[in-house]
Amino acid sequence: MSAYGAAVVVDRAPGSRDVAPVDPGDLAIVQRVLAPLEETPRFWLVLFAICALGTALGLFAVGYTLWLGIGAWGNNIPVAWAFDIVNFVWWIGIGHAGTFISAFLLLLNQPWRAAFNRMAEAMTLFAVAIAGAFPLLHLGRPWFFYWLMPYPATMGVWPNFKSALPWDAAAVGTYFLVSVMFFYLGLIPDLATSRDRLTGRTRRRVYGVFALGWSGTSSQWRRHRAALKIIAGIAAALVVSVHSIVSFDFAIAQLSGWHSTILPPYFVLGAIYSGFAMVLALAIPVRGWYGMQTIITIDHLERLAKLLLTVCLLLTYCYTAEFSTAAYSNDPLEHATYFAHWPAGPFGWLFWTMLVLNVVVPQVLWFRRYRRNLNVLAGVAIGVLVGMWLERFIIIVSSLAQGALPSTWHGFVPTWVDWGILVGSLSFFGLCFLLFLRFVPAASMGELRRHRIEKIYDGWP
Amino acid sequence: MSVTREEMVQRLGGSRRSFMKLLGASLALAGVEGCTRMPASNILPYVNQPELTPGLPQFYATSMVLDGYATGLLVESHEGRPTKVEGNPDHPASLGAAGVFEQASVLQLYDPHRARRVRRGNQTSSWSELAAALRQEALRQQAGSTGAGLFLLLEPTSSPLESELIDRLLELYPAAHVHFYAPLATSGALVPLYDFREADVALAVDSDFLASGPFHLRYAREFAERRRPEAGAMNRFYAIESSVSVTGNAADHRLALAPSAIVPALEQLLAALQDRESTKWIGALAKDLRAHARRSVVVASPYLPERAQALALQINQALGNVGRTVWFTRSPLVGAGDARHSLASLVDALRAGEVRTLVCAGGNPGYATAASLGIGPLIKRVPQSVYVGLYENETARDCGWMVPAAHFLESWGDARAYDGTLSVVQPLVEPIFGARTVVELLSLLIGEPDVHPYDRLRDAWRTRGALAGGAGFDEGWKEVLRRGVLDGSAFPREQAAPEFASEERPAAGSGALDIVFRPHPRVHDGAFANNGWLQELPDPITTLTWDNAAEISPADAQRLDIDDGDLVELRAGQRSLRMPALVVRGHADAAVTVHFGYGRDGEEAVARGVGANVYALWPGDRFSISGARLSRVPGARRDLALTQFHRTLEVSTPVRALTLEQFQNLQPERRPKTLTLYQPTAPLPDGTAPHQWAMTIDLGACIGCGACMVACQAENNVPVVGREEVLRGREMHWLRIDWYAIGPPEGGHYRNSVVSKGASVVSGFSRTEPMAMAQPMLCQHCEKAPCEYACPVEATVHSSDGLNEMIYNRCVGTRFCSNNCPYKVRRFNWIDYNAGLSETEQLARNPDVTVRERGVMEKCTFCVQRIRQTEIAARVEHRSFAGSEVRTACQQACPTQAIAFGSLDDAQSPMVAARTTKRAYAVLDDLGTEPRVRYLARVRNANPDLEPSA
């Protein structure tokens, strides 16, 4: 620790308070992480243009929805929720990995998390923000969204606290705020480094403002560590609670396919699963493009792959439990939902695709060879992302489409607006992530340096 | 009313004329033609009230005429604009019920596509110009001094007033010709009447007497009286039919036969009555009929060939039923049974070029005639032709003059019911588009264009002498206007029986298929094709909306490799037609059913281009043809806007049925004690509200005709969404009719394996005959409603009197309530379905019910506006009221009285009595929702010879 606070200044500019290292290893980390902040590579421009186009499409689709109404989508009665809530649950799930990696692994003192945590936290932020837009957008009258919040209305009406949706609004809102705090708090020392290391007056000034006067004193570091741990504690609890509450949107309903007590842990695991997959899917190309192989090492990726496999097995257990509970219920409707409508209904092929992508394909991660093969790893991760989207689709749409009264059964066909909004949300996510890569240090320099030193001095793994 | 108006004139300090001008100007300014234009003549409310209270609706008696026969109605009027049609309990054809056409007629009144101007060629003209063109001198010059070149083509009419005017016209022009035509009108001089209350065994031969025909509302009521096992002995009902009908689905035993097999089946039945050999089914039927001689009835469809009708009569005669369960009266139609009035003789004259002046009033002969007649070009050749019609339709296109016809809610007149009972047609509004009635047209032709139809009607009734003369007349006349009906005016029974010709029926081609032509259950012969309510009302058999289809049996579909929506080509002789196919479980093999009324190409924007015109194949003189062919058009499809795709009973048993034997041995259901962690709620009524509202629906009585659906739509301002939205699964009906496949599993879409869920479910479904069972499904007003706890903003809550309320203002549209509703009765305004509604259509809206905006959920309210109105009225009068005082729209319309509504604390009421019988059950009761709507299982009176008890 002490080696940290009192940095010896070697290459600092006159008047700057650079806390940058003397040690060449440290310097390499800083240079590597800060390099992307100073240049705009061609691939970045191309990707940015693609994402901007997709975002424009999404915005157009959103505008059309607001103008016409939810009728722009393929939703119907009985399938009153479809892409809107599928996307919501999927994005909120992705938004879980960042906090999980940061908070849980921080609390568990897993130093290797430092390679990804910044990226994962940024991903969380964007994903949660996008996720949060869906429940608002899917309202019939979105301009009254604030009625879901408990506020002292003049009419004396409150939200219905028995409904899971106000819990949802509160949980997602809280989670977003905590995620922002967690992200920003962790970012402050690196913003200071950026302020001190980057060239250009505007840039230094902007980073300077956001660095909040960080000077790297040991008391600042001490308080920073403590604050980070406190927020990590809160965030870790939220990781579990938020997606449990999201699952209540379904679990408290009486609909066969939704009405299941296993849903909270199942949803939390599913969220972490898709989140890890998204981290892998982002980290693999980013490390290649920015030459960050020394920071995000193949060992790190392998650890992530092992975690992915673990969650895969846990989730597989949940699937099994869900289906055997249904089988055990002796309820014809439950039987029909799980053994006829899901696997053999109109969306049966999606169900089987989902099982293959979520359960079968990730089994290759048992083998070290594949865990260390970037192509395989990326393929598995993208497969899991698709699979998890399909899982939510099956749960939501397939259950709704074939309810208790066969007379009401009706399929679901998405419209171009549904696709437009999905593509738009992906593009907007990409857009945000590209901006993040361009303007924010993508890995936690402070932590990387600390772990490096700890490794040297304390013999940490 | 006129008093009020006169008073207003006084107050305005002007003459009557200036008042009308002022009224006209203000209307023009408001951009609303005809808003609150109450007829100046003295119309009298059904329930006398001393004065008009703004905000309180008035009811007036009138009659709607279809194919010549009247159905008595009471029409609700809000400040001078009719909004809702109910049946007139005093009228024999209604008995208080109103069918789909009557219910939907109010929308037709406000149809913005109605013709609005008198037109000559392409020029706007006027009534007085027409009067000038048809004045005596001109007409005699045009059509000869005796009127030999003057031809009238009218819709069949039973109106004594019109009959008298026609007589006067013939006095003036003795050689003039009068023809009557409607494609579905009957033409016999004697008509059969039935009494189903007296029939222990009934057989319907291709007859849809429960849901179509002039007396179907009455027959449905009487039939249902014999379908309630608690109320007395049940009848046993058999049906033999080609296409599946509402009536066929109500049968205890149903036999599907192709049209060409029906006559042999009846011959066999007649023979079997005389102990000759027959098939098992016919033999069992014959045995049953014979055991109930003089207390049975055979009903043959008027669309059957005369040979079949003659056989049905012979069977009735052989059983001694004539004079008991079936009798005959003179047809109330003017000129019935007289071939001189037929369309065929007019066509002959048209072809011969004898027609100098053709006056065509009502109907749509340019469309609704056999295409082989080619009547359109023939009319076009007539030197002078006048059409009086509601729309600028196919006929109007071919006529020189077009005069907008008045809707019956704008008309003065009289008409007879099927049994001859006289009723009045009185207007609720002045003609919205300045339209004219047939009475006015006939007046014009006899040279009296300016006599007001009201005066003419009144004078005619005075002269006719059916009412007391002199000073007493006014009293009697007022009473007739008030009640709408003249009691005791039905025709007497005739001793004679009708005679049937035996005709040869050549096959239309060499194919092996029969084609059955039927009126469409929703748009009839095409007259209602521009009515959005009816277009969107699902077909009672197939749930098809906004289309007609060629209906074929599952076996034929499999043989020809045809699926729902595949385009097929029907070929009969030289003529062919392409339309989508629809597989109908229970349809006869080797036959295909097509419905009239579609494929319109007039100026009616709603009807235009929807469906296929089957008049193209129709021979015109019979309703089935043989020798046709059907082939699939490869690769061509049309998406069919069905509202229901699955009829299986695999996952739940929402409909239940018992055989009579099962019913008699049934122990009262013991509901298992619910295990719960929660405090049990107090049993209701718990004294928190004066009434606890509830509904009981008898599936034994319900025939699934759909009258309740239109009634609900009219009462509750339910929007029409159009074909595209129905295809997306977004129809808005608060009340729908679900159909479930019962009977043996069969090909096509409908699988069926009844799952036994506990001992309380007993199945009396037929095990051999594929049929369908209807279930009206609406908000169940669950005491433990899943929707209520799901709503995040408390927009759906429970009232103290047991209603599940929907607060549109508070709804943000999460749709969680719908997802959590196991009955899926909630409807969402996906887009603004009321945008672009014409100003006239807005007038059809019920002012007591909110019109919902985009993005909010809606559903059945148990007609809460009616409940609150009754409450308020009772409070004003300082009295309490019985729950049975409130009647929901669906209940009021129901011809079979299958729907009972009321309060749970009213222990004596029929509604409570019904829900405490052994056959009462709640749909999806195992979910613990405690619905306030209870259903009564259908009891099926199966013939033990056909279906030995298990």
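This is a predicted model: local features need pLDDT of at least 70, side-chain atom pairs count only at pLDDT 80 or more; totals for chains, interfaces and linings use all residues.

User: How many residues of strand S6 of chain B are buried?

Analyst: Five of its five residues, 150-154, are buried, so the strand is mostly covered by the cut-off of 20 or more other C-beta atoms within 10 Å.

User: What should I know about how strands pair in general?

Analyst: Strands of a sheet pair through backbone hydrogen bonds, and the pairing is either parallel or antiparallel. Now the case here. S6(B) pairs in the parallel sense with strand S14 (residues 357-361) of chain B, over five bridges. Leu152(B) has Val359(B) as its bridge partner in S14(B). S6(B) also pairs in the parallel sense with strand S7 (residues 177-180) of chain B, over four bridges. There, Leu154(B) is bridged to Phe180(B) in S7(B).

User: Which strands form the open sheet of three strands in chain B, and in what order?

Analyst: The order is S17-S18-S19, and the pairing is antiparallel. Strand S17 (413-416) and strand S19 (485-486) of chain B stand at the edges. Each has a single partner strand, so one side of each lacks a neighbour in the sheet. Two bridges join strand S18 (residues 422-425) of chain B to S19(B). In one pairing, Ser423(B) has Val485(B) as its bridge partner in S19(B).

User: Which residues of H9(B) are buried?

Analyst: They include Ile262(B), Ala265(B), Leu266(B), Leu269(B) and Leu273(B). Ser260(B) and Gln268(B) are also among the buried residues of the helix. After H9(B) comes Asp275(B), with a positive phi near 65°.

User: How do I read two helices that cross? At what angle do H10 and H11 of chain A cross?

Analyst: Look at distance, angle and hand. The axes of helix H10 (residues 298-329) and helix H11 (residues 332-344) of chain A come within 8 Å and cross at roughly 145°. The crossing of H10(A) and H11(A) is left-handed. From H10(A), Phe323(A), Ala326(A) and Ser329(A) meet Glu334(A), His335(A), Thr337(A) and Tyr338(A) of H11(A). The residues of this contact divide into three nonpolar, three polar and one charged.

User: And the interface between the chains? How is the size of an interface often given?

Analyst: It is often given as the accessible area lost when the parts come together. The contact takes 46 residues from chain B and 39 residues from chain A.

User: Which elements of chain B supply at least two residues each to the side that touches chain A?

Analyst: They are helix H23 (786-790), helix H24 (816-820) and strand S35 (827-828) of chain B. H24(B) gives the most, with four residues. By type, the side of chain B that touches chain A divides into 21 nonpolar, twelve polar and 13 charged residues.

User: Last, the overview. How many helices and strands does chain B have?

Analyst: Chain B has 28 helices and 40 strands. Of its 950 residues, 58% count as buried. Then check the contacts in chain B between residues at least 6 apart in sequence: 75% of them join residues at least 24 apart.

Key:
Residues are numbered from 1 along each chain as its sequence is written. Chains are lettered from A and ligands numbered from 1 in the order in which they are written. Axes are lines fitted to C-alpha atoms, for helices over the stretch in contact, and angles run from 0 to 180 degrees between N-to-C directions. A crossing is left-handed if the near helix is turned anticlockwise from the far one by less than a right angle, and right-handed if clockwise. Two residues are in contact if their C-beta atoms, placed from the backbone, lie within 7 Å. Ala, Val, Leu, Ile, Met, Phe, Trp, Tyr, Cys and Pro count as nonpolar, Asp, Glu, Lys and Arg as charged, and the others, Gly among them, as polar. Two strands pair if DSSP finds at least two bridges between them. A residue is buried if 20 or more other C-beta atoms lie within 10 Å of its own, exposed if 12 or fewer, and partly exposed in between; C-beta atoms are placed from the backbone.
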